[in-house]
Amino acid sequence: MVHGEWSRREFFRRSAVLGAVTIGGPVLLSACTSTSSGDALQAAKDAKKIKIGIANEAPYGFTDQSGKVTGEAPEVARAVFKAMGIDNVEAEAVSFDQLIPALNARKYDVVAAGMNIKKERCDAAAFSIPDYSALTALLVPKGNPQQVLKFEDIAAKKVKVAVLSAAVEKGYATDSGVVEDQIVTLDSQDNMLRAVTDGRVYCAALTDISLKDVLAKSPGAAAEVTPGFAPVKDGKPVVSAGAFVFRKDDNPLREAFNAELKKLHDSGEWTKIVTPFGFSADNLPKADVTTEKLCAV
């Protein structure tokens with residue numbers, strides 16, 4: 001762990017004992033099932049509570065040292081659900097690669113983890129409208145002596161790169177010519193930072209928002225974040241946008257959520273909520289960035 005932050009693995013170990021936690025409140029013991037059985041929207045409104053899934057990855061959705069679940073996605077979800085008359089939001093932590101399987105197993109009703117909209121994920125679940133857009137960046141040694149600024153540089157200079165398990169960056173890397181032997185898969189952002197500073201890899205790939213957050217929590221680390229960039233696939237820049245995720249049969253819940261999320265975006269309230277987590281109005285998705293388009297890529 002770095003500066004007292006829980007690693008994802010440590011959090012899962014604790015979560016197995018503590019169960020679900022309530023956003024903004026103390027740890028709450030809870031069975032690992034969602035509030036819904038059938039109509040998730042009506043069930044949540046009747047119970048005035050709903051459960052979300054997180055992967056404990058800052059700044060998207062994580063548990064702080066006090067046990068409070070926070071981050072961009074949980075805080076936005078809480079505001080949306082409050083507008084829908086659902087005041088109590090609980091959270092269940094799973095590994096990132098289990099977010100959608102656990103959703104479909106009804107462990108919770110919504111994934112609130114800043115998950116990128118990708119075609120293979122759209123085949124398994126239904127995404128909300130895009131919540132945010134972010135560029136990719138690289139975490140490199142201080143001074144970036146190899147001048148690695150994008151995935152093509154990693155391929156050309158044959159350096160090693162760390163990626164998170166089940167995250168999109170591995171695909172971006174291989175699409176750019178990085179071979180499997182150059183890629184090291186790790187289980188947490190903290191371990192990515194350590195791998196770079198220890199010299200086990202030259203760089204680590206993640207969103208610029210995430211990497212800046214990692215460094216902000218470890219100001220003495222001998223590393224820096226490159227300028228953000230859009231990965232390239234088939235000669236075209238890849239648009240990266242994250243969203244909330246629902247079961248395919250929960251359209252009423254997703255549509256009601258979308259309506260309130262759009263109001264947050266349009267009113268400027270979204271920017272106020274997400275600014276403490278390193279986001280800004282620049283991260284609002286452009287009008288032509290839609291879930292339908294991203295699910296088709």
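Tutor: In this predicted model, a cavity is a set of grid points where a 1.4 Å probe fits but cannot get out.

Student: How many cavities of 30 Å³ or more does a search of the whole structure find?

Tutor: Rolling a probe the size of a water molecule over the atoms shows where empty space is left. The search covers the whole structure and keeps cavities of 30 Å³ or more. The number found is three.

Student: About how much space lies in the second largest cavity, and which residues are the closest to its centre?

Tutor: The second largest cavity holds about 160 Å³ of space. It is lined by 16 residues. The closest to its centre are E57, F96, G114, N116 and L206.

Student: Which strand supplies the largest share of the lining of the second largest cavity?

Tutor: Strand 6 (110-116) and strand 12 each supply at least two residues of that lining. The largest share is three residues, and it comes from strand 6.

Student: How do the residues of this lining divide into nonpolar, polar and charged?

Tutor: Gly counts as polar in this scheme. On that basis the lining of the second largest cavity has eight nonpolar residues, five polar and three charged.

Student: What is the order of the strands in the open sheet of five strands?

Tutor: The pairing in this sheet is mixed. Its edge strands, strand 11 (183-186) and strand 13, each pair on one side only. Neighbouring strands are turned by 30 degrees against each other on average, direction ignored. The order is 11-10-12-9-13.

Student: Which residues stand opposite L139 and V140, and which is the bridge partner of A137?

Tutor: Strand 9 runs antiparallel to strand 12 (residues 203-207), joined by four bridges, and antiparallel to strand 13 (residues 223-225), joined by three. L139 faces strand 12 at A204, while V140 faces strand 13 at E224. The bridge partner of A137, in strand 12, is L206.

Student: Why is strand 9 largely enclosed by the rest of the structure?

Tutor: Buried means under 20% relative accessible area. Strand 9 covers residues 136-141, and it is largely enclosed because the count of its buried residues is six of the six.

Student: At about what angles to strand 12 do helix 8 and helix 9 run?

Tutor: Helix 8 (residues 189-197) lies across strand 9, strand 10 (161-164), strand 11, strand 12 and strand 13. Helix 9 (residues 208-216) lies across strand 9, strand 12 and strand 13. Relative to strand 12, helix 8 runs at about 150 degrees and helix 9 at about 120 degrees.

Technical notes
Residues are numbered from 1 along each chain as its sequence is written. This is a predicted model: local features need pLDDT of at least 70, side-chain atom pairs count only at pLDDT 80 or more; totals for chains, interfaces and linings use all residues. Side-chain values use heavy atoms; hydrogens and water are left out. Buried means under 20% relative accessible area, exposed over 50%, partly exposed in between (1.4 Å probe, protein chains only). Two strands pair if DSSP finds at least two bridges between them. On a 1 Å grid over the protein atoms alone, a cavity is a set of points where a 1.4 Å probe fits but cannot get out, and a pocket is an open set with protein on both sides within 12 Å along at least five of seven lines; lining residues have an atom within 4 Å of a point. Grid points are joined across faces, edges and corners, and a volume is the space filled by probe spheres set on the points. Axes are lines fitted to C-alpha atoms, for helices over the stretch in contact, and angles run from 0 to 180 degrees between N-to-C directions. Contact means heavy atoms within 4.5 Å.
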